[in-house]
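Colleague: I have not looked at this one before. Can we go through it together?

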Amino acid sequence: MDKRIHFFSQKEGVSPKIVPELLGIRGRQANEFAELCFPILPGFILDSALASELGTVDIKKEVKALLKRCSAIVGKDYGDPENPLLLKIVVSSNLAVSDYPALHNFGLVKPVAAGFARWVGETFAAQEVLFLVRGMLRIEERLKELEGLTGEREKITARLIHGNHPAQSAESCMDEYAEFFPDGFFENAERQLFIALEEISKLLAVDDQNDRDTALLIQPMVYGNYGKDSCSGGFFSRNVVTGEKKLQGEFHREKFNEFGGNGQDIQKIEPRYLKELERIAWTLEDKFKEIRQIRFTIENKKLWLIEQRPVEQKSTQADIKLLLDLAKREIVDTAYVVKALEPLRLNEILRPMIDTAGVKGLKKWSGGIAGAPGAAIGRAYFSTEGLLEAQKLAKQRGEDSRFILVLPASFAEDVKAIEVSTGVLTVEGGYSAHASVVARQYGKVSLVAPAMKIRGKKAALEGIGFSEGDYITLDVPFYGNSSVYQGAASLIEPRPAESGLFELISMAKGFLKDFHVRVNAETPREVALARSFGADGIGLCRTEHMFFQAERINVFRDMIFAGSGEERKKALNKLRIMQRDDFYHIFKAMEGKEVTIRLLDAPFHEFMPHNRDELKAYLAYAEKNRKGAVSEAELRARIEALNEFNPMLGHRGCRIAVSYPEIYAMQIRAVFDAVYRLRDEKAAVYPEIMVPIVMNAPELKLIAYGKKIEGADYTGIVEVEEALREEKKVKPVPYKIGTMIEIPAAALGAADIAKYGCFFSFGTNDLTQTTLGISRDDFTGFMPDYTRFDLIAGNPFSILDPRVKELIALAVERGRLTRPDLVCGLCGEHGAHPGNIRFCIEAGLDYVSCSPYSVPIAILAAAQEKINNPAAS
C-alpha cells in the first residue's frame with residue numbers, strides 16, 4: 001500500500017505519525033470522527049504529497065482494495081447494479097475558503113442507474129447524474145482555462161449555463177452529456193472513478209490555488225431518501241441562542257437533505273438515534289470546547305455522520321453556558337473559561353437585540369457612529385420637554401411609554417429625558433459626545449447620525465423620514481453598521497441572570513487580587529445594577545447630574561440667580577437636603593466599598609435655560625416660588641453674563657469653588673450628614689471626596705484645608721467636616737480627599753499635588769481633549785480625513801493616545817514618590833475598553849471605573865490580562 005494513502009473508519013483512524021496538514025482540512029475533520037469512534041462513513045485520503053501526481057502513479061490496485069473495505073462496512077458494493085455504492089471525492093485544501101466544486105455520485109453509470117432509481121426514484125436519480133456532470137464540468141472548465149484552451153472552455157461554460165434541467169431519466173441524462181467525457185465514462189463504474197481522479201489530479205498540478213498542500217478524500221455516499229427507514233438531518237450540539245444543553249435542529253424523513261421539505265424537531269427522532277446523537281454531540285463539545293454543528297444521514301436504519309464543524313452564528317449566552325458546563329465537569333479550568341470570550345461580546349447579553357424577523361418590510365437607513373450599543377424602539381420626540389410630557393400622558397392613559405429622543409445635540413438639561421427614554425438619536429458628536437456618554441451611563445441606546453436633517457418636528461435620513469410621535473427603531477450593534485428603521489420592530493430583551501454572566505464574572509474576579517473595577521453612578525438603581533455586575537466601589541459619582549432632575553434644576557438656578565447671600569443660603573439649604581438623601585442611598589447601596597464623590601464640576605451655563613420654552617418655565621416658577629419679581633430681561637442678562645467662549649476650560653470645577661466656597665461646603669455637609677447617619681445604622685461607609693479640574697497643588701490645598709488671608713477666610717473641606725462633626729457631637733469617620741487629573745499641568749505637577757491628595761482619578765475624556773487639543777464633541781467632523789491620511793491611529797476617545805498614556809504613567813510615578821500609598825484609578829469609558837486595560841495595570845493603577853453596563857466587560861478584560869501577563873503588575 002502506498003504510504004501516501006490513508007484509510008479510516010469508525011474503528012480505525014489515520015496513523016498519528018502522519019503530519020495533519022497532509023490530509024487537508026476536510027481530511028482532518030473526517031479523521032477526527034474516526035479517532036472518536038463515531039459512526040463515520042469509511043473512506044481513504046490521497047494525501048497532498050500524492051493528490052497532484054496521479055498522472056504518473058498507478059494506484060488502481062490500492063483503490064480497488066480500499067473500496068472493498070468500504071463496501072464491507074457500508075453493506076453495498078461499488079458497481080452493483082441492484083444496490084450500488086456511490087462515492088464522493090472531496091478536494092481537501094488547507095485553505096479555509098476554497099472554490100473547488102462538490103463532486104458526488106461517482107459510480108452512477110448506466111449499468112447501475114435503474115437499480116439506484118428503484119431506491120430513490122427516477123427524478124432524483126436523474127438529478128444526481130446532473131450533479132455529477134456539473135461537478136466534473138467545473139473541473140474541466142477550469143482545467144481548460146489554465147491550459148489556455150479558450151474555445152473548449154467556452155463550450156463547457158455555455159453548457160453549464162444552459163444545461164440546468166435534467167432529462168427524464170438518469171440514462172438519457174448520461175447520453176445528453178456523454179460528448180464532454182472520455183469514452184466509457186458512463187459505462188463502467190471503475191473507469192469513471194479513475195478518469196475523475198486523474199482529471200482532478202491534473203487540475204491540482206497546474207492550479208495556483210494548490211501549493212502541493214491539497215489532498216483528495218474519497219468516501220461512500222449515503223442517502224436519506226434511500227427507502228422508508230431513511231432520513232437526513234442537521235443539528236447544533238446545544239441551543240445556539242439560550243445555550244440550553246439540548247440538541248437543536250431538524251431531520252427530514254425520506255429526504256436526501258433539508259431542501260424542499262418541512263423538517264421535524266430533532267427531539268422527535270427515534271429515541272435510539274437521539275441518544276446516540278446526544279452522545280456524539282456532547283463528546284464533540286468536550287473535545288473542541290465549543291458548540292458544534294453536525295450533519296447526519298440514516299440509510300436503511302444505519303446512522304452515519306456526514307460532517308461536523310464550528311458554529312459561526314451563536315449567541316454570547318450560548319458560549320457562556322457551554323463554558324460553565326465544561327468547567328463544572330472539570331473539562332476546563334476557570335482560567336480557560338475567563339480567557340475564552342472576547343470581552344466586548346458581553347455587550348450582547350447586556351443590551352436588547354433586534355429580532356431579525358421583526359424588521360422585515362421596514363424601511364431602514366444604515367450608517368452613523370455608535371454611541372451606546374443595543375436596540376431601542378419608541379416614538380420620536382424632538383425636545384426634552386416634549387418627550388417628558390408625552391411620557392407622562394402615556395402613563396396616565398396606559399399607552400406605550402417608549403420614546404426616543406431626537407436632537408441635533410444633547411446638553412446637561414437633556415439628561416432627564418435620556419434617562420426615561422429607550423434611546424437617543426443625535427446629529428452632532430461621536431462616541432464620546434454628551435448623548436453617548438449619558439446613554440451608556442443609563443444603559444440606553446445612542447446613535448449619532450451626521451446625515452440626519454431635522455426641520456422642526458420632522459427628520460429625514462436618506463430614504464426614510466419621520467415626524468414627532470412616529471415609531472422608529474434604533475439598532476446599534478457593537479460590531480457592524482448601525483441602522484434606523486422607520487416603524488416599530490420587535491426586540492429580544494437581555495436576561496443577564498439567566499445568561500451565566502454572574503458566574504462568569506465571579507470566576508473572573510478570582511484573578512483580580514490587586515486590581516478592581518468600580519462604577520460611575522449617581523443613583524441607587526445604577527449602583528445596585530453595577531454591584532450585581534461585580535463592581536467594587538464607585539469611582540465617580542457626578543454630583544451635578546443630581547441637579548438636573550425636573551424638581552431640582554430650578555432650585556439650583558435660584559442659587560445661581562440669587563441676588564443676596566440670604567437667597568443663596570436658602571437655595572443651598574434646599575439642595576443640601578436633596579443631596580444628603582441622594583448620598584445616603586448611594587452609600588447604602590455600595591456599603592462596604594469605597595465611594596468617590598466628585599464635587600460640582602459643570603459650569604453654571606449648563607444649568608441655564610437654553611431656549612424660550614425653558615426660559616418661560618423658569619420665570620413662571622420664580623414668580624410662584626421666589627420673593628421679588630424677576631423680569632425676562634434681567635434673566636437674559638444674567639444668562640448672557642454667565643456665557644463663556646470656552647466653558648470647558650472656563651469657570652467650572654474647583655474654580656467655581658474658589659469663587660463660591662459655599663457650594664462645596666453645602667455638598668460636604670450633605671455627604672457627611674449621610675455618612676454619620678449610616679454609621680449610626682452600623683453600616684460600613686468609605687467616603688472619598690474628589691476635587692475636579694485641579695491644575696496645581698495650591699488649588700487642592702486651598703479647597704481641602706482652607707486658607708486665612710487678610711480680610712478673608714476660606715473654609716476648606718476638612719474644616720467643614722470638623723464643624724459638622726462638632727455640631728452633631730459624633731466621632732470621626734475615616735475619609736479621603738483626592739483629585740481628578742484631567743489636564744496636563746496637573747499630571748506634570750503630580751508630585752506636589754500628591755502632598756494634599758490621597759488619591760488620583762484620571763479623567764481621560766478631558767485629559768485627551770486637553771492633551772491633544774481635540775474636542776470630543778466636534779472631532780468627528782475631521783476625523784475621517786485624519787484617518788484617511790494616517791494622521792492619527794484610531795479614535796483617541798476609545799483607545800488611549802500614547803501621549804495621554806505617558807502623562808498618566810508620569811503622574812502615577814511622580815505622585816507615588818511623594819505619597820507611596822497613593823491610590824490611582826481611571827474613570828471614564830476608556831477604562832471599559834479592553835485595549836486600555838493592559839496599560840492601566842502596567843502603569844500601576846489600582847482600578848478603572850466605568851458605566852454600569854461596561855463593568856462586566858472591564859472585569860473580564862482585566863482578568864484576561866492578569867492571566868496572560870501575571871508579571872505585568
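Colleague: Leaving aside its neighbours within four places in sequence, which residues is glutamate 544 in contact with?
Modeller: Bear in mind that this is a predicted model. Beyond those neighbours, glutamate 544 contacts Arg598, Leu599, Leu600, Asp601, Ala602 and Phe607.

Colleague: And where is glutamate 544 found?
Modeller: Glutamate 544 sits in the loop that links β27 (538–542) and α18 (550–561).

Colleague: Is glutamate 544 buried or exposed?
Modeller: Buried. The relative accessible area of glutamate 544 is 6%, and the cut-off for buried is under 20%.

Colleague: What lies 3.3 Å from a polar atom of its side chain, I mean that of glutamate 544?
Modeller: The backbone nitrogen of aspartate 601. Aspartate 601 is also one of the contacts I listed for glutamate 544.

Colleague: Changing topic. What is the strand order in the open sheet of 8 strands?
Modeller: The order is β14-β24-β23-β16-β17-β18-β19-β15, and the pairing is mixed. At the edges are β14 (364–366) and β15 (369–372), each of which pairs on one side only. From one strand to the next, the twist averages 25 degrees.

Colleague: What holds strands of a sheet together, in general?
Modeller: Backbone hydrogen bonds pair the strands of a sheet, in either a parallel or an antiparallel way.

Colleague: How many bridges join β15 to β19?
Modeller: There are 3 bridges between β15 and β19 (residues 445–448), and the two strands run antiparallel.

Colleague: Which strands does helix α12 touch?
Modeller: Helix α12 (residues 384–397) packs on the sheet and touches β16 (374–381) and β17 (403–407). The direction of α12 makes about 165 degrees with that of β17.

Colleague: On to helix α24. Which residues are buried there?
Modeller: In α24 (residues 697–705), the buried residues are Ala697, Glu699, Leu700, Leu702, Ile703 and Ala704.

Colleague: What happens at the start of α24, and what follows the helix?
Modeller: At the start, a side-chain oxygen of asparagine 696 comes to within 3.0 Å of the backbone nitrogen of glutamate 699. After α24 comes glycine 706, with a positive phi near 80 degrees.

Colleague: Last topic, how many disulfides?
Modeller: The count is 0 disulfides. For cysteine 827, the nearest cysteine sulfur belongs to cysteine 850 and is 10 Å away.

Colleague: Is cysteine 827 buried or exposed?
Modeller: Cysteine 827 is buried, at 4% relative accessible area. Cysteine 231 counts as buried too, at 4% relative accessibility.

Notes: Residues are numbered from 1 along each chain as its sequence is written. This is a predicted model: local features need pLDDT of at least 70, side-chain atom pairs count only at pLDDT 80 or more; totals for chains, interfaces and linings use all residues. Side-chain values use heavy atoms; hydrogens and water are left out. Two strands pair if DSSP finds at least two bridges between them. Helices (H or I, at least four residues) and strands (E, at least two) are DSSP runs, numbered from the N terminus. Axes are lines fitted to C-alpha atoms, for helices over the stretch in contact, and angles run from 0 to 180 degrees between N-to-C directions. Contact means heavy atoms within 4.5 Å. Buried means under 20% relative accessible area, exposed over 50%, partly exposed in between (1.4 Å probe, protein chains only). A polar contact is a pair of N or O atoms within 3.5 Å; within protein, one must be able to donate a hydrogen and the other to accept it, and residues adjacent in sequence count only if both atoms are side-chain atoms. A disulfide is a pair of cysteine sulfur atoms within 2.5 Å.
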